[in-house]
Amino acid sequence: MLILCGTATRFAAAQGDDAARVGAILVEADRLPIDKAWNYLARLRDLDSMSEDAMLSALQATGEKVGPVGRLLVARSLLDLGDDGLYGAKAVDFAKPILIDKGASPEIRLAAAALLGDRTLVGAASANASEALETVVTDDTADPALRLESAKSLFRVGNTKSRRTAKMTIQSFLMSRERDLQVSGALALYEIGDGFQGGARAILEELQSQPTPTGRLARAYLESEKKSGDLERLERLLASQRMSALRRGDAGGSDDDFQVLRELRRLIDTAWIDKSKLEEDALVESAARGMLEGLDKFSSYLSSDQYARFAFDLNRHYGGIGAFVRVENDLFMITRPIYSGPAYKAGLLSGDFILKVDGWETTSQDQDEIIRRLKGVPGTEVELEVMRNGWPEPQNVKLARAEISVPSVNAEMLPGDIGYAELITFASDTSDELRHQLETMAKKGAKACIIDLRSNTGGYLRQAQGVAELFLPRDKLIVYTKSSLGPEEKFFSSGDAIFPDLPLVVLVNGTTASASEIVAGALQDHHRATVVGVQSYGKGSVQNLFPLSSKPSEPFTDENHNRMWDSWESYQDLNKNGRYDPGPRARLTIARYYLPSGRCLHKIVDKDGKVENPDYGVVPDVEIEAEKLKAEDLWKNAISRKLWTERVFHKYVDERWAENKTTFEKLAFSDGKSSAEYPGFDDWYASLGTQLPKNDVRQWVRVVIRDKVADLRGKAWPGSFFQGDFVEDRQLQAAIHVALGKIGQSITGLSEYGPVLDLPKEMVDHAWEPNAKKTTEKKG
């Protein structure tokens, strides 16, 4: 008995020593960067003499005393104790506050997001983690890397609805104008096991030949995907299924090509572990998507919802209040009014929050449902409760809905009598919009014009034809197609050019694609325009959308005879899902585009990922890269995003707006890359205590100023953030340099450009003439 008591005493003392060691390890790790602190987990795992209860007690006690790094180690250690729901719940309690703390460092929040995606989380712990992750995923202002990491984790631990939100968020990165974000989105889709998306695979196929860690990762994902569909593996699966079918007496030597699908369907019904979650429509949709996306990277299956969004992007008309919107921190915000619409005419501005729609509260509501309530028959009234920063209380605003046309062209006059037009997409009336903008700028004295097709991924072929023939004489070949459905189809300019002699420059980049490449390539081939930028994407294939008779659109009453369903029109809800379904579409590649010179735009890649035609797409006459942060300066992104999210730049402008409106209007056009005229800027910058250089802060403040001035003047600036701003956009500066050279002027001779010029000396020294030889920026 005495021996047993002595053993128990020594055991308790040992447990106490171990608990102290747990505390010491965590306190020491808490002082380190998170990437180095993870190494201390091994030291905690070495304390295997501790009982689970003692370890749990020690982790909890120390976790209350250490900082975020230490708490993340506590959370990870709790998960290592086992898959008991109690441990998972406590781990989430430690990690969740770190993720949602916007004051925490980006690295710490990233680690918290990854930890909250642990697959061992179940029940309440999983739901609690999902709630925090979804808060970040749906925050458009959050750091993109953090949103992606949170979306990946949400996909792992969330329910069906949350997984759908996570997947859609990751897919949205493929549509970003920033190449780095596109790549991150593509890799994330493969990481969650959903890389079978045309856009994601296309990006990885481009990357796989690069001798970089990203290139190697892309290659590994693609090889893994290929192996997962290996014929031998499939044959073993089918052989097993055939044996089962033979035993049931229902399989024979049928020649039916679709027997594989039926066998797979039986296998799923028989063996899949989660048969209760089986959704017939989703299964059929996945099979259809796989069938089409297996053909080429641009053929695809569009679900009813996907087709509705796709159709709106090309037919940018609806009945509503006219505003770009998003949900921010559960509040429904106007990001920018459409300046021809009723919202702007009623006094609503960028940054206003809509709290109620006809008495219905919008806070924490689904964005699509809020938008549905804002839309309606043109002429009908809607009452909004609106709140603006600086107002003591919300105000009620009544306005009449109108037919809204979302602009696809933004234009601006630049110094030196240069007209500048950005084409966002090739929508149903883009050529008419561009013609109107060009005529307006011509009346203002435009002597040359820049057409910006950067990040324009295409649209209607007929609109590309319409844009090109604004500048080409009659009967000039614009493009022709070769198809499996019939003979070559040629598209010629159909009338006399509206602007036959206007000196022209076209801007392109790596996401200029399809219809945009047709316009740039045709104008280049006919020596009608000089192309500036970097090589375009190389999408020279034609896709047609085919409706499916097996899943037709729901019948509706076409009150305005536009052959499209509008949100106020009645319809038959055949599938009882509470919304109109236009039906899915098969998007099938049916032809290839060829430029007047006979060259195919399409980038051809062999099975090893090697590009067979290096001259794919449109190769610019003047090559110049967009400005990019150096690797050693990437830390700036995290700080600037944090200040942007916390609206630090916005507060500076809001607090000084009333007294400095005229100054801000001038700075919006150009500040000469100097903060000298910004009111109280030096003292305000010093008060921030930020490591971000003063010039970077000036740039972001000016973005806010330009947004406010756009509201003031009722006209959007071309481009987004720094792209399209001649003060900060070096590709645009190169285009201006070429355009001025065409009219006998020099960019260095104009005072507006001198202080902001960021072009290589050899380019500036090159006096551009209409027939000048190709120039390329030298890499130093």
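**Note on the cavities, helices, aromatic pairs and loops of a predicted model**

1. The largest cavity has a volume of about 170 Å³. The structure discussed here is a predicted model, and a search of the whole of it finds 2 cavities of 30 Å³ or more. The reasoning behind such a search is simple: rolling a probe the size of a water molecule over the atoms shows where empty space is left.

2. Which residues lie nearest the centre of the largest cavity? They are Lys102, Arg109, Asp143, Lys642 and Thr645, out of a lining of 15 residues. By type, this lining divides into 7 charged, 5 nonpolar and 3 polar residues. Two helices, helix 7 (106-115) and helix 23 (635-645), each contribute at least two residues to the lining. Helix 23 gives the largest share, with 4 residues.

3. The second largest cavity holds about 60 Å³ of space. Its lining includes Glu412 and Leu414, as well as Ala668 and Phe669. Tyr420, Arg706, Trp717 and Pro718 are also among the residues of this lining, as are Gly724, Asp725 and Phe726. At least two lining residues come from strand 10 (409-414), and at least two from helix 25 (661-669). The lining of the second largest cavity divides into 7 nonpolar, 3 charged and 1 polar residues.

4. With 14 residues at 1.5 Å a residue, helix 16 should span 20 Å, and its end C-alpha atoms are 20 Å apart, which agrees. Among the residues of helix 16, Arg289, Leu292 and Glu293 are buried. When helix 16 is seen down its axis, the buried residues fall within an arc of 85 degrees, so they line one face of the helix.

5. The structure holds 19 aromatic pairs. One of them joins Phe681 and Trp684; this pair is tilted, at 5.6 Å centre to centre and with 55 degrees between the planes. Both residues belong to helix 26 (residues 681-688), where they are 3 residues apart, about one turn of the helix. Are Phe681 and Trp684 buried or exposed? Phe681 has a relative accessibility of 1% and therefore counts as buried. Trp684 is also buried, since its relative accessible area is 10%, and the cut-off for buried is under 20%.

6. Because Phe681 and Tyr685 are 4 residues apart in helix 26, about one helical turn separates them. Both Phe681 and Tyr685 are buried. Elsewhere, Trp644, Phe649, Trp700, Phe721 and Phe722 form one aromatic cluster.

7. Asp475 is not a glycine, yet it has a positive phi of about 65 degrees. Asp475 sits in the loop between helix 21 (461-468) and strand 13 (477-483), and counts as exposed at 55% relative accessibility. His527, likewise not a glycine, has a positive phi of about 55 degrees. The loop that holds His527 runs between helix 22 (515-525) and strand 16 (530-533). At 73% relative accessibility, His527 counts as exposed.

8. Gly193 is in the loop between helix 11 (179-191) and helix 12 (198-207). With a relative accessible area of 61%, Gly193 is exposed. How many residues separate Gly193 and Tyr221 in sequence? They are 28 residues apart in sequence and 9.7 Å apart in space, C-alpha to C-alpha. Gly416 is in the loop between strand 10 and strand 11 (418-423), and its relative accessibility of 15% means that it counts as buried. Gly416 and Ala448 are 32 residues apart in sequence, and in space their C-alpha atoms are 9.1 Å apart.

Key:
Residues numbered from 1 in each chain as written. Predicted model: local features only at pLDDT ≥ 70, side-chain atom pairs only at ≥ 80, totals over all residues. Heavy atoms only, no water. 1 Å grid on protein atoms, 1.4 Å probe; cavity = no way out; pocket = protein on both sides within 12 Å on 5 of 7 lines; lining within 4 Å. Points joined across faces, edges and corners; volume = space filled by probe spheres on them. Nonpolar A, V, L, I, M, F, W, Y, C, P; charged D, E, K, R; others polar. Expected span 1.5 Å × (residues − 1). Buried < 20%, exposed > 50% of the residue type's maximum accessible area, 1.4 Å probe, protein only. Arc of directions from axis to C-beta. Phe/Tyr/Trp six-rings, centres within 6.5 Å; stacked < 30°, edge-to-face > 60°.
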